[in-house]
2 protein chains.
Amino acid sequence: MNHPNLLGKLHALFAPSTVAVIGASENPAKLGSHVMKSLKEGGFEGLIVPVNPGSAKIMGTPALPSIASFEGEIDLAVIVLPARAVLGVVEECGQKGVKAMILITAGFKEIDDPSGTVLQQKLAERANALRIPVIGPNTFGMVNRHKGLNASFTPEFSMLEMGPIALVSQSGGISHLLAFMAMRQDVRIGKVIGLGNRLNIDFAEMTRYLKDDPDTAVVLLYLEGLEDPRALMEAASAYRGKKPIIAYKTGRGETGDQASRSHTGTLAGSRPIYEGGLKQAGIFFAASTEALLDLGKAMATCPLPRGPRVAILSGQAGPAMAACDTCQAEGLQVANFEPATQEIIHGLLPPLALRSNPVDMGPAWYDSEAIGGIVKAVMADGNVDGILILMMFASANRDAIYGLSGVLSEWNQQKPVVGCLVSPPGIWDEAIYRMERERALVNLPTPERAANVMAAIWKYARMLEDKGWR
Amino acid sequence: MNHPNLLGKLHALFAPSTVAVIGASENPAKLGSHVMKSLKEGGFEGLIVPVNPGSAKIMGTPALPSIASFEGEIDLAVIVLPARAVLGVVEECGQKGVKAMILITAGFKEIDDPSGTVLQQKLAERANALRIPVIGPNTFGMVNRHKGLNASFTPEFSMLEMGPIALVSQSGGISHLLAFMAMRQDVRIGKVIGLGNRLNIDFAEMTRYLKDDPDTAVVLLYLEGLEDPRALMEAASAYRGKKPIIAYKTGRGETGDQASRSHTGTLAGSRPIYEGGLKQAGIFFAASTEALLDLGKAMATCPLPRGPRVAILSGQAGPAMAACDTCQAEGLQVANFEPATQEIIHGLLPPLALRSNPVDMGPAWYDSEAIGGIVKAVMADGNVDGILILMMFASANRDAIYGLSGVLSEWNQQKPVVGCLVSPPGIWDEAIYRMERERALVNLPTPERAANVMAAIWKYARMLEDKGWR
């Protein structure tokens, strides 16, 4: 961090009482109108102060010509003005005692013209001197669902279901992508922070802040380039496995690297250089946006496995085979059940098909007690470190979902349960989501993704063990 | 095929006028009731004849005690009786002149008890002697959306939107999984065939039949084990690139292989042995259920690229970088635009950020004409073989979608356009789906999956070229 005392002020960013929108507008072609909409409709319970010298009221809220004319304190200022006006506004914010700023405006270090870099440098000097932490410039903003705060130009971020995942991203596009994916896959994200050009708040500062944030259990990072990788390494090392930090990094190829420079003003840098250091610091890397989200969801829900031995329980054999292949390719073992477990399964399933691991529970479709009994026995088995449950539900086997639901919810979360429970859209989605909300399991949309997640949390657990953090 | 003359009769399977359900029921705990529901509610316009000696009417349709008592011809018989009754029913079907059968009943070659294999062998002998092609035993059934025919125990298969993809699968679970995924991702599947234990209709026969099926443009295979890989190789070779055949195979590890034996009575066999031969025959392999479906969707929509040079157009730079990385890792090249294209882009985008490839169209969010102009110029560029378009849509840039929509739909399909257009759920989904239906582009949910699909269709195109099939 450019100024070490800014960290304490970040609380004003995430939990402000009063938010000013400088450049608020009613014109839907202006970002200032989208920011107003986000704040007003996102469930924020504090005071919103639109600032625009040309309007007395914006979207029904009384507007002021400047923040100076507001009588109370302003915790957070969101700025949506042209770049040339920003330096003056920062001074005004300093005079007013504004505690934190979100600078949505673009046109700084990321542009081709060197004047952008000069202007950003000046801004950073003033903001540091005034001790104001700034998110941005060149950002969509920030969202804290735990406070109903949507301080971004995207009202749709408020559709995110509140949860323990915080996403810190260098790219607005990736933030939107992951948020929209999360909405479709029942991944609960509580915070989304678009760092943009990182005037004085970079990955290191945000990671340090989130370490002690009680609402955050998992930190996801989307990285392109870092000016000071060492600062992030230090921030991450301090976690010591207390919360997982999972990163996805792009800009690996040469073209991507050039693109990164233009994008947020930083060369992505050759990946291997950083990645080693960041891994050493305990950051776990995901290979794609999809894997980042899958893993975030799993880490927010599941306990970590104690070993690599997996039970594969399925409602149909094919998905079990796909999971089996992935497990074996990714370093997991298909567990050998204890004799007692095997005996219970033999008692509950007819002498057909798969009764050793993988277990095909298909013949018990209509018998939710048998399904419950099998799952329970496998969960108690000392040879099993994690459980994969794969079932496709339709009319003919719908009862099976209730057999599962009860047992899994009762279960005491000593072992990870990763599911691939899939139904036609709109049918039983809710029952499956409910199990996730009760932390009975984490559900993924394909058998391979479920098995990959189990393998990844095992790799993560082993990394913690290697470091003596577990 | 065990009997070469069965192929001609498969038409009765896919387009019957009269379907008998032997073992029809009203009891929802019986598969016979689900089969009745599927047939009655799936849009089938032919005659349904429930057969059950204990009922005069089933779900409102007059029932008969046996097929012999039906006065007209029966094209297709769906059998949902206990295994011990099946041999007798096959005789009855033979006497009645039934043209094709779907044998849903399980308890044959797949069970632990050797009596299952013996019974299946007897059945095969009789069916072959009677010249009746049989789907199954041990199958969910079969669906042909082109005729509104849902001859399965899963009424929800009728939620599939009719399209040019045919899925032939050895696993009911994988069929259900892929179908439910397809419903969620707007992948249009016209036929789903669960081969089960493959009494006398195996992959080779079905592949041969689909080659000349006018409703099928892409064939997807889910394979575990094959008794006669050579027969499938011959069937596939005959395609000569006329339609793509894409396969996903499991049972690669040892455990999976054992599971496969129990599942459908066939050892999966070590993958490398078959895969070489099947690839030689022109079958393209996908690495997961997700990739199988992504690729099926792309091949059903897109022309194949003429080369590896890709244009990456994005609404936000981050997703472009993720796509860039994947393209470069998978053997695609980020194209160098022709000077004329570059000039047009410079004219349409302000001097900010990314204007060479990848192009960040973000600054033109509010200018759908500029977006249209960029896309058009890139499409006409002789240095570009395929186009990736990546945009996240929300309130602030919603107009961009209309700029895209017009240009893409006008375009004459000479180059593949693979998109990753993502919006919050329920918002603009329809606009994106419409573009897919107009074959303007194929849309994938993440930048990496979009880039992987582009790489895969290029690899497929190169394979066809190598074989002189293109």
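How many aromatic pairs does the structure hold over all chains? The structure holds ten, counting rings of Phe, Tyr and Trp (its six-membered ring) whose centres lie within 6.5 Å. Before I go through examples, a word on the basis. This is a predicted model, in which local features need pLDDT of at least 70 and side-chain atom pairs count only at pLDDT 80 or more, while totals for chains, interfaces and linings use all residues. Residues are numbered from 1 along each chain as its sequence is written, chains are lettered from A and ligands numbered from 1 in the order in which they are written, and side-chain values use heavy atoms, with hydrogens and water left out.

Let me begin with the aromatic pairs. Phe140(A) and Phe157(A) form a tilted pair, with 5.2 Å from centre to centre and 40° between the planes; planes under 30 degrees apart would count as stacked, over 60 as edge-to-face, and the rest as tilted. Phe140(A) lies in the loop between strand 7 (134–135) and strand 8 (141–144) of chain A, and Phe157(A) in the loop between strand 9 (149–152) and strand 10 (165–169) of chain A, so the pair ties together parts 17 residues apart in sequence. Helices (H or I, at least four residues) and strands (E, at least two) are DSSP runs, numbered from the N terminus. Both Phe140(A) and Phe157(A) are buried, where buried means under 20% relative accessible area, exposed over 50%, and partly exposed in between (1.4 Å probe, protein chains only). Together with Phe180(A), these two residues form one aromatic cluster.

I turn next to salt bridges. Glu290(A) counts as buried at 10% relative accessibility, and Arg449(A) counts as buried at 9%.

In chain B, Lys37(B) and Glu41(B) meet in a salt bridge at 3.6 Å, N to O. Both lie in helix 2 of chain B, four residues apart, about one turn of the helix. Lys37(B) is partly exposed, at 34% relative accessibility, and Glu41(B) is exposed, with a relative accessible area of 56%. Elsewhere, salt bridges that share partners join Glu290(A), Asp294(A), Arg449(A), Glu290(B), Asp294(B) and Arg449(B) into one network.

That brings me to the interface. Contact, meaning heavy atoms within 4.5 Å, takes in 76 residues from chain B and 75 residues from chain A. The two chains bury about 5,500 Å² between them, 65% of it on carbon and sulfur atoms; buried area is the accessible area (1.4 Å probe) that two parts lose on being put together, summed over both. Four salt bridges are found across the interface of chain B and chain A. Arg184(A) forms a salt bridge with Asp429(B), the closest N and O atoms being 2.8 Å apart. The elements that give two or more residues to the side of chain B that touches chain A include helix 2 (31–41), helix 10 (289–301) and helix 16 (447–466) of chain B.

Methods: Salt bridge = Lys/Arg side-chain N within 4 Å of Asp/Glu carboxyl O.
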